[in-house]
Amino acid sequence: MMKMRAQVKTLEGGVAHDIELPALFSEEFRPDLIRKAVLALQSTRRQPHGTYPYAGICSSAVGWGSGRGASHVPRIKNGSRAAKVPQAKGGREAHPPVVAKVLVKEINQKEKQKAFRSAVAASVREDLVRGRGHLFEGAVPVIFEDKFESLDRTQDVIRALTAAGVYQDVERAKASRKIRAGRGKMRGRKYKQRKSLLIVTKADSLRSARNLPGVDVVTIDQLNVEHLAPGMQPGRLTVWTEGALTHLGGAS
C-alpha cells in the first residue's frame, strides 16, 4: 500500500518538515458504516420518557355486560359515563411512550472501529471536505508542529490558522449563525450555527480555541466518529498536531 505523506506547518505558515501519515488514512471510504456509527453514538444521549403507567385507568368503572342494549365499555359505578378506554373522556392513551423502550442502537465493535478509520481517511479527501462546504487554501490534512498546543491566547490561534489558510472557514461558520425556527428557540437552543474546524491535539485540550465559532477542540483520546462526521456527513476540515498523529499511528 502506498504510504501517504503530508507537510507539517510552523505557526507562521511555513513548512517545518514532512511526515508519513498513519496507515488508517488510507482506509476504504464507507459512508454506510460512518452513518451507522454516528447514529449509535447519538442514540446513547437520548433520554427515556414515558407516561405514568396507571394514567387514565384509576377508576371504578366496570362493564355492564350483555342484555342491556349498551356497549360493553367500562362505565363508572353509580353512573353511565364510559371510562378507562381510549375513546372515553379522561381514558387511557392508546399507545403512550414508555420508559422501558430500548432507545440505544447497537453496532458491532469491528464495524465501529472501521467506521472510525474510514472517517479519519475521509478527512484527507479534498473533494469530501469541500463537499461539506468548508473553505480553505492549500492541501489537507492541515498539520501543525507541537508548539501549536502551547498557544494560550485566542489571537495567537487565529494568527496560526490564518497563516495555514483555514481561518476563513471559521468566519464562514460565524456568518451562518441564525435564529432557529420553531419552539426550539424557547428551549435553550435559540441559535443554529454551522460546524467549522476540528482541532485534534495530543494531550491538553486547546482551551484558547474553544471560543471560536463552530470549532471543536478534542484530544486524540477523546476523538470519535461524530467529531469527524457531524450530522453523519464525513469529510470535516481537521487540524492535527504532529504529536496527535504520532499517537494515532501508534494506537492503530
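This is a predicted model: local features need pLDDT of at least 70, side-chain atom pairs count only at pLDDT 80 or more; totals for chains, interfaces and linings use all residues.
Is G56 buried, exposed or partly exposed? I looked it up: G56 is partly exposed, with a relative accessible area of 27%. My cut-offs were under 20% for buried, over 50% for exposed and partly exposed in between, using a 1.4 Å probe and protein chains only.

Residues are numbered from 1 along each chain as its sequence is written, and side-chain values use heavy atoms, with hydrogens and water left out.

Next I checked where G56 sits: in the loop between α1 and α2. Helices here are DSSP runs (H or I, at least four residues), numbered from the N terminus. Leaving aside neighbours within four places in sequence, G56 is in contact (heavy atoms within 4.5 Å) with K84, G90, G91 and R92.

Then I turned to α1, which covers residues 31-43. Its buried residues are L33, I34, A37, V38, A40 and S43. Among what covers them I found α2 (109-122) and α6 (225-228).

How do α1 and α2 pack? I got an angle of about 115°, with the axes 8 Å apart. That makes α1 roughly perpendicular to α2, a label for angles of 65 to 115 degrees. The axes are lines fitted to C-alpha atoms over the stretch in contact, and angles run from 0 to 180 degrees between N-to-C directions.

Last, I listed who meets whom: L33, I34, K36 and A37 in α1 touch E111, K114, A115, S118 and A119 in α2.

Key: Helices (H or I, at least four residues) and strands (E, at least two) are DSSP runs, numbered from the N terminus. The expected span of a helix is 1.5 Å times one less than its number of residues. Angles under 35 degrees count as roughly parallel, over 145 as roughly antiparallel, 65 to 115 as roughly perpendicular and the rest as oblique.
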